[in-house]
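Hi everyone, thanks for making the time. I'd like to walk you through a structure that may be new to you, so let's bring it up on the screen.

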Amino acid sequence: MTIPDSSGYCYMMENGSIELPCKPEEEKRIVQELTAKAEANLREGNLYYVISSRWFMTWQRYTGKIEGDYPFDGHSIESQFTMPSGIEDRPGPIDNNDIVANGMDNEDDLQLLRTLEEEKDYALVPQEVWDKLFKWYKGGPALPRKMISVGDQQKQFIVEVFPLSLRLIDSGDQSEVIIRLSKKASLHDLYEKICQLKGLDPEKARIWDYFNKQKHTILLSSSQTLEESNLQMDQDILVEVSTDGFGKDYTGNGLQLVPIEPTRSTFSIAGGPNMSNGYSTSNSSNLYQESTLTSTYADMEDGYDGMKPVTGGDRRGLAGLQNLGNTCFMNSALQCLVHTPHLAHYFLQDYSDEINTQNSLGMHGELALSFGELLRKLWSSGRTSVAPRAFKGKLARFAPQFSGYNQHDSQELLAFLLDGLHEDLNRVKQKPYMEINDSDGQPDEEVADGFWRYHKARNDSIIIDICQGQYKSTLVCPVCDKISITFDPFMYLSLPLPSTATRSMTVTVFYGDGSSLPMPFTVTVLKQGCCKDLNQALANVCCLSNDEYLLLAEVYEHRIYQYLENPSEPLATIKDDECIVAYRLPKRDTVLTRIEICHRYLDNERKLFLTPLVTVMEDPQSGADIDLAVSKILAPLRRKVFSTSKTIDSSTETDSPMTSTEDQMNIDSTQLGTTVQSEEETEAAGMSSRDLSFRLCITDDKGYACRPIDKDSPIRPGRLLKFMMEWTEQEHELYDSSYLKDLPEVKRSGFLSKKTKQESISLFSCLDAFLKEEPLGPDDMWYCPRCKEHRQASKKLDLWRLPDVLVFHLKRFSYSRWLKNKLDTYVDFPVENLDISKYVKSKDASEGSHVYELYAISNHYGGLGGGHYSAYCKLIDDNKWYHFDDSHVSPVSESEIKTSAAYVLFYRRVKRNINGTAGEQSEQVVHH
């Protein structure tokens, strides 16, 4: 391999020369190998480095993102014309200053900006990769972070990008200092760091959990971690120093957390006997006692006094939840569940007998205990806000995906909580195995009842009782018409938002067979549609035949930036200022090779210009085959009269403005060939008789390194081959390149368009979209038992059995490879008398009413990443709505709760009166 002149690569700095031993492709290979090796040996304590995405993406562009071999024979390729264009864009020294909060003022304590998001703002690389990058580029500053293990049941390795930051307050002089440790550090580590910092004798120091500037528990030096002690980001801790030491009251027992003696509660965490000196007087299991102890000591401090009298002026259920660092998503979901009347009634009573500590799918009852304790606090603390530190700690243990301080999705948390609470409270201790048979023509009622009996035999809890329904799923094979019917349970319904808003899109269609000139088409598609919709609209306007298809692509800087081959790719990923093309290609049963042709000037620094062309071939063998394909695809661009030859009959000028492609193809090839060949045989060009009609080079996958080909050059087969056509004056005389210039954008800017009114749809239209029949996606094929093959079956859903609590999740967020998008569509939903009888296919009258009323909403405001969650909840006792915005709770009128921020809707069934009319729900919250 020829290594280019190092002058194109080497940079000098004050601290010496930067070593660059390899090409960009080699850098990429080394980094990939080191990354793969590190990922195969994940363990706690591994060191990773944070790198600014701005710099790292520059490096990625420089080295290229696409993997692939050279598509021609030979072991290597030398760039005989120019160095890859990426070399000019070689990144400078590593620069992390844009992600550091305190700049370079204090290099010993560099902290990252808290608002950073992985991939968007920073990348994480293993230590070995950092060492290589630093060796090649220097720069910095270095931002090392350690890998930790999170989760109890499903352990995961994560890099702790933001260590726990604590504000240490000295009780003597009230001085404050920030200390930072891993949340996996022990309390012993905390004592050691503080005593070293303050010059204290550990025997004479005592550290308090000083959350919200209140003494809660003494943190005794032990192996318990800071996370297990429920210490939160940026919270206060207090250090006290005694000249005589501290009494044995504080250090004489083995507990790590010593609480201030709380006022004794009349009920325990699960509604059982009260606690005395930290031990239960009941005969509950040891695990139950341990969970109760942990909850009592770790939770009792969070703004909660179990025996605080509730005065007449206080309202139960109006306590807010403090934000512990981007936990508004959790607070919103919790308030909706806590204000579910059925759940409030259940957890305010004694539910200890239903705790399932043996369920391997559950959390040994700990999640249910923690949620129950939190619910009791919220219903017993008047308007005093509660800090859900202990619950957040449990969540981090059992659902590590919600750990840390990043924003998450309230619906995803809700799904986890409903499932986790069910498993912790499942009354079935030994799940039986039961055979489920195909419907085989049986009545739907019998099949549905069979599925439901099977489900209830294995799943039976308060969550199943009130939250779980059943829908009918019908699959039809498109080949043999086999019908498969199943009845599946659901906990909530995720409804799409069927948008009626449209957008105009201009796409230029190119003919891959060279049968016509490129033509721009403007089509109207659904704004929230997908590439399949755009493809179909284009196929209609350009009269696509059955044996053709359109290949969509984005063109950027005269290259194909990406092919849009995924039919489900949202059109929202295509911006108005982008240039989209569609290549019209033939459908064949045989495998065809895609030929991609870019253009550049032969002189003028070989800059790229014009629009790339794409055609397909069946098994190209040599350069001559490629030359023929290029000649064919350029045929529509041939000028009628060539300035270098008078052999073409001038009578053609009297014909149509543009001679037909067929006529042009029939021009005497000898005459055309002579014209071209005579130019190429000149001594100035220095070409041999083996050369082609065009100057063609085969390129690598990135389109950088090039090698000229002649008519005998062997072509190694591949699905995609890329070539570069070099234009001289000769080609410009032969072909009118203006048709390949100035691609129109998807939507031309420049004209001020009217601001469209915010789109509004109804909840019923969302239900219709959810239940409509549609084919399965290509990645979700169904195995037909009759055909014995996977088929793209059609699927139809119908509601069969409805729960007492019906939850609708409005699918506002869409995710694709290139884009995360949020829909701010206003959904008009009923607050009262939501009647969905027409959607329920079961005729069983014993199921009850199909009329519902709204009692809670989880809202999401703003965009992705930087949004905010809150909740609207109705207090059933006084029939009033309230806005729960973290710790702030305020009354709100019913007319204000319907907004475009509504994300998850909570409805409860309205009981039927004796006369058959809908009446009030009878379930009420029981006070203690």
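This is a predicted model: local features need pLDDT of at least 70, side-chain atom pairs count only at pLDDT 80 or more; totals for chains, interfaces and linings use all residues.

Let's begin with strand E27, residues 695–699. How many of its residues are buried? The count is 4 of 5, so to speak, a mostly covered strand. E27 has antiparallel pairings with strand E29, residues 720–727, over 4 bridges, and with strand E28, residues 706–708, over 3 bridges. If you'd like to find these on the screen, look for Ile698, whose bridge partner in E29 is Phe723. Towards E28, Cys697 stands opposite Pro708.

Now to the salt bridges, of which the structure holds 33. Take Lys183 and Glu227, where the closest N and O atoms are 3.8 Å apart. Lys183 sits in the loop between strand E10 and helix H4, and Glu227 in the loop between strands E12 and E13, so this pair ties together parts that are 44 residues apart in sequence. Are these two buried or exposed? Both Lys183 and Glu227 are buried.

Another pair is Asp824 with Lys822, with 3.5 Å between the closest N and O atoms. Here Asp824 is partly exposed, at 42% relative accessibility, whereas Lys822 is buried at 12%.

Some salt bridges share partners: Glu354, Arg427, Lys456, Asp460 and Asp465 are joined into one network that way. Within that group, Asp460 and Lys456 form a salt bridge, their closest N and O atoms 3.5 Å apart. Lys456 is partly exposed, with a relative accessible area of 28%.

Technical notes. Residues are numbered from 1 along each chain as its sequence is written. Side-chain values use heavy atoms; hydrogens and water are left out. Buried means under 20% relative accessible area, exposed over 50%, partly exposed in between (1.4 Å probe, protein chains only). Helices (H or I, at least four residues) and strands (E, at least two) are DSSP runs, numbered from the N terminus. Two strands pair if DSSP finds at least two bridges between them. A salt bridge is a side-chain nitrogen of Lys or Arg within 4 Å of a carboxyl oxygen of Asp or Glu.
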